[in-house]
Amino acid sequence: MQQNEMKLEFDSHSCNESFARVTVAAFMTQLNPTLEEVADVKTAVSEAVTNAIIHAYKNESVVKSRFVKSEDTAEEAGRIWITCHIRDNLLEVEVRDTGCGIADVKRAMEPFFSTAEENDHSGLGFAFMEAFMDTLEVESAPGEGTCVRMTRRIGGGRHSESICGKTDAFDMLQPEQDGMPPKSQYDGNDAGNILLSDGR
């Protein structure tokens, strides 16, 4: 059985979102994925990390952006952890934060659910994660943070015998220049968890 693991820890700054998804994409290239598979995983990771940056630590972000110089924020920033496992051709991705948490996970999974006061109806991105990954599990409790676990079976029968083999997906690793997608603000008080699968 082919196995490998990668762990990543970084501050909840928006500039780290592209770094996180490109790092996960680089890790999965050992499975010799298609360009579509790399793009799908990058999108799902981007949504999960953006949620942690904008929603989980939104109060800290507002304070820092208005009152604190950027070079002084490292110790105050929220932390985000990503763990990736490869088991044969199955990629497992976990994105975790210790932010404000989600009150009603089932309601938050709705595509256009938003608690934003202004015209932000993009939701929390869980619909994208569900669409692009094989399974999605969200665990959260108010004040305790959120853990998003996703899996995707990569390449069918294509995955490389060499754990660090070359791949035609390398060009997909460059970070996009269009920045982060707009996100709503979230506020919650109750615990919740949900597991979704598209049956692939």
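At what angle do helix 1 and helix 2 pack, and how far apart are their axes? They pack at about 145°, and their axes are 9 Å apart. Here an axis is a line fitted to C-alpha atoms, for helices over the stretch in contact, and the angle runs from 0 to 180 degrees between N-to-C directions. Before going on, keep in mind that this is a predicted model, where local features need pLDDT of at least 70 and side-chain atom pairs count only at pLDDT 80 or more, while totals for chains, interfaces and linings use all residues. Residues are numbered from 1 along each chain as its sequence is written, and side-chain values use heavy atoms, leaving out hydrogens and water.

Let's start with helix 1, residues 16-28. Helices (H or I, at least four residues) and strands (E, at least two) are DSSP runs, numbered from the N terminus. With 13 residues at 1.5 Å each, helix 1 should span 18 Å, and its end C-alpha atoms are 19 Å apart, which agrees. That expected span is 1.5 Å times one less than the number of residues.

Because 10 of its 13 residues are buried, helix 1 is largely enclosed by the rest of the structure. Buried means under 20% relative accessible area, exposed over 50%, and partly exposed in between (1.4 Å probe, protein chains only). Among the buried ones are Ala20, Val22 and Phe27. Their cover includes strand 1 (3-11), helix 2 (35-56), strand 2 (79-87) and strand 3 (90-97).

Back to the two helices. Residues of helix 1 such as Ala20, Val24 and Met28 meet residues of helix 2, including Val41, Val45 and Ile53; contact means heavy atoms within 4.5 Å. The residues of this contact divide into nine nonpolar, two polar and four charged.

Charged side chains also pair up elsewhere: the structure holds eight salt bridges, each a side-chain nitrogen of Lys or Arg within 4 Å of a carboxyl oxygen of Asp or Glu. In one of them, Arg152 meets Asp40 (3.1 Å, N to O). Arg152 lies in strand 5 (residues 145-153) and Asp40 in helix 2, so this pair ties together parts 112 residues apart in sequence. Both Arg152 and Asp40 are buried.

Strand 5 has another one to find. Arg149 meets Glu94 in a salt bridge (3.1 Å, N to O), and since Arg149 lies in strand 5 and Glu94 in strand 3, the pair ties together parts 55 residues apart in sequence. Arg149, at 30% relative accessibility, counts as partly exposed. Arg149 also meets Glu139 (3.2 Å, N to O), and a network of salt bridges links Glu94, Glu137, Glu139 and Arg149.

How values were computed. Ala, Val, Leu, Ile, Met, Phe, Trp, Tyr, Cys and Pro count as nonpolar, Asp, Glu, Lys and Arg as charged, and the others, Gly among them, as polar.
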